[in-house]
Amino acid sequence: MERLFAASETEIRNSYTTDVYFERTKKILHSKGMDDTKVWAEFTLGSLPNKWPWAVLCGTEEVLRLAEGLDIDIYGVPEGTIFRSRSPKGIRVPLMNINGEYTKFGEMETAILGMLCHPSGVATAAARVRCAAKDKKIMAFGNRRMHPSISEVLDRSAYIGGCDDVASKIGADIIGREAVGTVPHSLMLIMGSDEAAFRAFDETIEKSVPRIMLIDTFSDEREASINACNIIKGLKGVRLDTPSSRRGSFKEIIQEVRWELDSKGFNDVEIIASGGLDENSIRELIGSGVSGFGVGTSISNAPTLDISMDLVCKNGSSISKKGKFGGRKYTYRCPRCLSLDVSLSFDDNIKCSCGSDMEMYEIQLMKAGKRITKQEPADIRRYVISQLKQLGEL
Ligand SMILES: [Zn+2]
């Protein structure tokens, strides 16, 4: 078989996926005897896409896995930090700083940025969906819109941003949960009827899997929901994936199904909605009697963040290219309103506009290639949720 279009871990670690100009830079520095030039590199971005007021930093764990063993130090804000790109004075806030010989990590720039930029976009989109969905369940269904080689990254990022569960097995493994899902319309079409598919699911699939039936393949959602309740004892829920051409008002269809279920005594049967949902449509559906959402493209196809890596210090002296601010900088945060600020000093006294004293927020993540911190996805997710609550977004 010919190889698939997916870089292997070895190819990524050996910088086979990097932009060739980093390899050339390393070669030139080596030829001029400048291998040992020590630098500070900072990771910042100028603005957020989609007019987002804030974003969720995601991907730090993978960067640390990539950098492990390289003779460098890494500092940064914790993964899961909710941030604005600039300080109140307009200075780009460093999300991460790397200190070491440039030739030890320069070639990794493409991979490091890729591990932060897209995952942070996905986690931010998921967090925005979380804010719209409030306390309802959110399941990440969007892997099919992206290349399968990044399924694990997509699901981890969606979960960290606030999704409750994910659909892929590889994604569920990395977050330490069971993959969730019902069946595709294909099963109903092949078996010939909703009823046959409901019964076959119940007979075949292990009892630990919640019985949630897809009810919009052939008949009216209301009729099929009651049918599913009557066929499957202990039905957990019904999923409505009504195509947009048949929707009219999706909200009213859900309200009607909820009414019918309640009136027949199936009050505990949940309604899960899916199909082209985003934060806006979810906001409209809240309060319709829906219990959860399957969300796909609007999370996995999130805009990537333009985080860049810039050298700000060389052999102890401040440097920078045009348009960037030189010097090794420290990130501070207000414990009350979570605003971030920047200083060249590690023991600055910065007053937040809300009146609180800012605190040093940066932590050391790696020392001489050895990891100092490690956080599980569930802990990072909890941190995201707690910040959203503190900001009044949730
Ligand atoms: Zn404040």
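**Figure 1. Contact between domain 1 and domain 2 in the predicted model.** Twelve residues of domain 2 are in contact with eleven residues of domain 1. On the domain 1 side, helix α14 (residues 377-390) supplies the largest share of the residues that touch domain 2, namely seven. By residue type, the domain 1 side of this contact divides into nine nonpolar residues, one polar and one charged.

**Figure 2. Division of the protein into two domains.** Domain 1 is made up of two segments, 9-120 and 326-390, while domain 2 covers 130-300. The distance between the C-alpha centres of domain 1 and domain 2 is 37 Å.

**Figure 3. Helix α5 (residues 109-133) and the residue after it.** At 1.5 Å a residue, the 25 residues of α5 should span 36 Å, and this agrees with the 36 Å between its end C-alpha atoms. Of the 25 residues of α5, 22 are buried, so the helix is largely enclosed by the rest of the structure. Lys134 follows α5 and has a positive phi, near 50 degrees.

**Figure 4. Helix α6 (residues 151-161) and its mostly covered residues.** Ten of the eleven residues of α6 are buried. The buried residues of α6 include the charged side chains Asp155 and Arg156, and also Ser151, Val153, Leu154, Ser157, Ala158, Tyr159, Ile160 and Gly161. After α6 comes Gly162, with a positive phi near 135 degrees.

Key: Residues numbered from 1 in each chain as written. Predicted model: local features only at pLDDT ≥ 70, side-chain atom pairs only at ≥ 80, totals over all residues. Domains from an automatic or database assignment. Contact = placed C-beta atoms within 7 Å. Helix = DSSP H or I, 4+ residues; strand = E, 2+ residues; numbered from the N terminus. Buried ≥ 20, exposed ≤ 12 C-beta atoms within 10 Å, placed from the backbone. Expected span 1.5 Å × (residues − 1).
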